[in-house]
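Please keep the structure open while you read.

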Amino acid sequence: MQSKQIKHPFLTRRDVIGYAILAAVIFLLLPAVLDSFRLNLFGKYLTYAFVAVGLVLCWGAGGILSLGQGIFFGLGGYCMAMFLKLEASTPENTSIQSTPGIPDFMDWNQLTALPWWWEPFYSLPLTLLAVVAVPVMFAFVIGFAMFTRRVSGVYFAIITQAVVAILTILIIGQQGFTGGVNGITDLRTLFGWDIRTEEAKTTLYFVNGALLFVVLMVAQFVRRSKLGRLLIAMRDQPDRVRFSGYDVAKFKIFIFCLGAGFAGIGGAMFTLQVGFMSPTLIGIVPSIEMVIFCAVGGRLSIIGAVYGALVVNWAKTTFSESFPELWLFGLGALFIAVVMAFPNGLAGVWAQHIEPRLLKLWPGSAKQPAAPAAEKTPAE
Amino acid sequence: MFSDYSMSELTAIFAMQGFSGLILFSVFVLMALGLAIIFGQMGVINMAHGEFMILGAYVTYLLSNLFADYMPALFGMYFFVAMFFAFFASGALGMLVEWALIRHLYKRPLDTLLATWGLSLILQQTYRTVFGAREVGVSIPDWMMGSLPITDLIEVPINGIFVMVLALSISIGVYVMMYRSGWGKQVRAINNNRQMADAVGINTAWTDRMTFAIGCGVAGVAGSAFTMIGSTGPTAGQLYIVDTFLVVVFGGAGSLLGTIASAFSISQAQSIMEFFLSGSMAKVLTLLTVVGILMLRPQGLFTLKLRK
């Protein structure tokens, strides 16, 4: 045994540079070059980065592929939307309805009173709590049931997909309570602050960016901690970890809940910036697309996940605007390419091809530490 | 709830609802059989399974037009020819996909899932480009139209009976293939222990390819049968995929009997509940029950005893 201790610093020099570049892109470059409409679009893309970062921890590190991140994104988003909708549905604003003071879609569906479970969303603190707590609790129920029975891999993926199906059918079917397939629309103010103006959208973009960095730091902390190393051990050799005396299920539940909480925050920020929330944004198809954000960025790279979300969404908007027919071909090819040719995504391409060349150009930095071994091998 | 109906009406309602449940059951069985081979035996997640079904449906649509234009005398027979072609079209595509994609990913099941999802997107867009975004329907031959009156109140549609007969015969076909043929024995041997199967001289790579192709071919036949009871659109395959996977997982992967039993219970539960609740709530409750049971019993209803 070597006596030399392996150190796991919170941030290596590489990480510091990576986060600094990312911060510069999000807080300086994008606001400087984009008009406020495009900036708002990129703000929307960044909300998906919350989900992608959660997936890096769950899937890349933990080996748990969830096809149901849309649920958690949606739950967070709906919690926020319910608060905003209640604020927009004052008796004065809704005086033409047969029951003033309740959201318009409830009135259209002949509801005469607010359902009890909408009541907590009159309060902003409770709403902010719910944005994180509801997805986490939901993830806990799913995770507890599945992981303690050692369900993993593709079975877990299929069951999360079924849960997405259930939730979207439920939301669409219960129009009177949820706004149905149109979702919750016509959101106006947050605590009296109009969120539809350009200034508000720019402010929200920066709030979103700051929150994303908080989430990134939490994710980074988890990855660097003993928990993060255990996760990778669990992914590769669950039985050995179990025989070493660790409760594998508990770690899996924790990481799944953490990913769900991240997704919930992303969903709430999505509602705030885009101004509505609907079941078409969180169904089976969007939930799988969230996985591709993570895969394109590099399933093991936290920073990569953010770029993945940005690049894929930007490509989606650009292509589906100008060549709608080509977009699905492109997205399909992307799924196949990222699996067959680039299992480590953009981060892998960067680490293998771009970074070494950059380092050659930069003579002083020849002693850069290589990426940790775990980041080089793809997950199963 | 029941007091508004007379006794004979209630019997009729249950019979009709039960029968529509049986049609749904046949649909589920047809959808799930191909997947039971691919997922159950090979452990491959094929998210493009629905698109293979739709390919079969489009082949049937093309052939029905062909027969109507050039051989109207034989129109009553076209469906059987179409089924044959659907099987081979989907099977050939399956073989190609196995060769190009799947065989590289046998050790990475989650990646197979993503790659085949990508494939499904590409196929969907191809269908949309070739056949248009609108749903297409085939003209059903005369002998399949109408319904059989059983009593004054109970009537059963003939195309429903046809789909049921088809589901039954394909199930028997798959059963014979899997459990009574040398090929089936090889497939099950590989499923049990790949290395050992390889060592005793089974050509595992070729068997894998054939298994995948046959699974896809069965999906094509299922799609062909669906044209008899509904129309076909480019994205129709995606609607089936969750249900289909749930049926196979609920039944217990690797068990053909389990797949059929789970298709039966899910379809009956859904169609009976549909009468009392709205369609969406019936679906939600059915799926919830299935997921709930799977949480308690993740291995599904029927399991093979395997030493892992």
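1. Two terms first. Residues are in contact if their C-beta atoms, placed from the backbone, lie within 7 Å. Helices are DSSP runs of H or I with at least four residues, numbered from the N terminus.

2. A word on the source: this is a predicted model, where local features need pLDDT of at least 70, side-chain atom pairs count only at pLDDT 80 or more, and totals for chains, interfaces and linings use all residues. Residues are numbered from 1 along each chain as its sequence is written, and chains are lettered from A in the order in which they are written.

3. Look at α5 (158-180) and α6 (182-192) of chain B, whose axes come within 5 Å and cross at roughly 70°; such axes are lines fitted to C-alpha atoms over the stretch in contact, with angles from 0 to 180 degrees between N-to-C directions. The two helices are therefore roughly perpendicular (65 to 115 degrees). Met177(B), Met178(B), Tyr179(B) and Arg180(B) of α5(B) meet Trp183(B), Gly184(B) and Val187(B) of α6(B).

4. Now the chain pairing: 34 residues of chain B are in contact with 36 of chain A. On the chain B side, α4 (109-131), α9 (236-251) and α11 (279-296) each supply at least two residues, and α4(B) gives the most, with 14.

5. Finally, find Gly50(B) in helix α2 (49-70) of chain B. Gly50(B) is buried, with 27 other C-beta atoms within 10 Å (the cut-off for buried is 20 or more, with C-beta atoms placed from the backbone). Beyond four places in sequence, Gly50(B) touches Ser120(B), Gly237(B), Gln238(B), Tyr240(B) and Ile241(B).

Technical notes:
Contact = placed C-beta atoms within 7 Å. Parallel < 35°, antiparallel > 145°, perpendicular 65-115°, else oblique. Buried ≥ 20, exposed ≤ 12 C-beta atoms within 10 Å, placed from the backbone.
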